[in-house]
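Hi everyone, thanks for coming.

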Amino acid sequence: MTTGWRRDRWSVDGLRRRLGRGTSTQLVVLMAVVAALALTGSLYVTGAAVRTDQREQAALAALDDYGSMVQKLGIETGLGSATLTEGDTTFLAGWLATFQSGNARGARTLEETCRTGRGGAGVRYIRSPVGPPVGLAALADTQADRAPGLGEDVYVISLDKGMLCPNRAVEVVAVRRPVGPLDIIVGRVVDRSGEAWGRAVIVVLGAGLALLAMGLGAAAFARQRLTRAVTEVSQALDRAGIGDFSLRAPETAVAPELTELTGHVNGTLDRLEELLSWLRDSADQLAHDFRTPLARATARLDRLKEAELSPEALRLAMEVEADLTQLTRAMNEAMTLRDGEAWVFETVRLDQLAASAADLYDALAEDRGVTIRVEAEPVRVLGVRSLLLRAVTNLVDNAVKFSPEGSTVTLSVGMRDDRPFLSVADQGPGFAVEALSDPAVAVARAVAQGRESHGMGLAFVRTVLKRHGATMTIGDAAPGAVVTAQFSR
């Protein structure tokens, strides 16, 4: 008992999992198949019921015909069945055949039945001890199936084509009972055209098609409504992904099934907007707190450089000024990332960005004895031009700074695996092996080794690319490193 219960339980769970993995279209198709099977079953049951009713009507008509024959036989002859002689039986057989050649009550003619296929025609067979039998001999010669549910001594006989009608097979319900020395079989052809069956089929088919149409219409409406609601939720999330929190998912009047989900999405967006607002306010305060001391320190260094300093002190002052400049640049880049107004997406040519970055650093590279080479084909991506340009210039800046004299920095732009890419390769010291598989490790190693420019540049580039749905990978250029930005669109 327990094993069977567990098996049933797992079967139900399995069915639920399969239904849960199915798409709306697949579920609608499954519903249509189930409806078709149910419709077929109902038609089969209805057909069997109608067929039984037709046989019952034919059996009642045959019994009525048999009773009329027996009653007429007694009135006309005045003889009991026990007093009939062989000569009498021959005479009575011919008389009964003649009597039954006319239409019985409610019967159709044999010609009409054979022409239209509709039942109701009467068939007879009479056999006496003397003389040849009269009527349809196939009623006696053909295999007959007893039908006790239709009455005593009632049979169902299937007559092949040519036995009764030249061009069609028929089914006969017959009463087979002896009257004295006479063996009498009286039958009616069952209605094969099935007027009642046809009406039942039309009603069931109409109801089934109406239910199927209603189900498909309801499924299509629900699918359209859910699709529209999911699209609006996706639009709200896409806008939030680029920093625009002005759009919210509709919570009512779209799809009641998604009311709870849209409520959670809107609550999450509200919380994110609140956190980002707090982050912007904090960043503004930090920027205000840092800018004034940095400006003062820069001004004091300028005055200090004008004083009489030893060569060593002057060198240190210049290094401090470079550090302050780099710190100011890093702060400005961080402020650019939090600036919502900068997130205006447009079509950007990566090859043009690479050319612009190369032109910008060409003079610095020439002073260091480094050559910048651009290998690009026209490629377009969707993004913020100013941020992407900053990211590319950061990569070129790092590559030029850490490339030895006489080396080459190569900017490559093109398509790889049907996706746009931009890469910057240098011939410098590169990165450790464990950093190649994880850009975060490379950033941390660069900062830990005191390479602030390189580290901050990679962190900035990684953040910008992530905001654009792109990935950053670091590879070995043998020698040097190659940083690749792979875009999704």
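Let me begin with a definition: rings of Phe, Tyr and Trp, taking the six-membered ring for Trp, pair if their centres lie within 6.5 Å. This is a predicted model, and by that rule the count of aromatic pairs comes to zero.

There is still a ring to talk about, though. The charged end of R416 sits over the ring of F421, 4.0 Å from the ring's centre.

Now to the strands around there. Strand 10 covers residues 408-416, and strand 11 covers 419-425. How do strand 10 and strand 11 pair, parallel or antiparallel? They pair in the antiparallel sense, over seven bridges. One of the bridge partners to look for is P420 in strand 11, which goes with M415.

Strand 10 also pairs with strand 8, residues 371-376, this time in the parallel sense and over six bridges. There you can find T371 opposite T408 of strand 10.

Back to the hairpin of strand 10 and strand 11, which has two residues between the strands. What is phi for D417? It is near 55 degrees, a positive value in a residue other than glycine. For D418, also a residue other than glycine, phi is positive as well, near 65 degrees. As background, most residues other than glycine have a negative phi.

Methods: Residues are numbered from 1 along each chain as its sequence is written. This is a predicted model: local features need pLDDT of at least 70, side-chain atom pairs count only at pLDDT 80 or more; totals for chains, interfaces and linings use all residues. Side-chain values use heavy atoms; hydrogens and water are left out. Rings of Phe, Tyr and Trp (its six-membered ring) pair if their centres lie within 6.5 Å; planes under 30 degrees apart count as stacked, over 60 as edge-to-face and the rest as tilted. A charge sits over a ring if NZ of Lys or CZ of Arg is within 6 Å of the ring centre and within 35 degrees of the ring normal. Helices (H or I, at least four residues) and strands (E, at least two) are DSSP runs, numbered from the N terminus. Two strands pair if DSSP finds at least two bridges between them.
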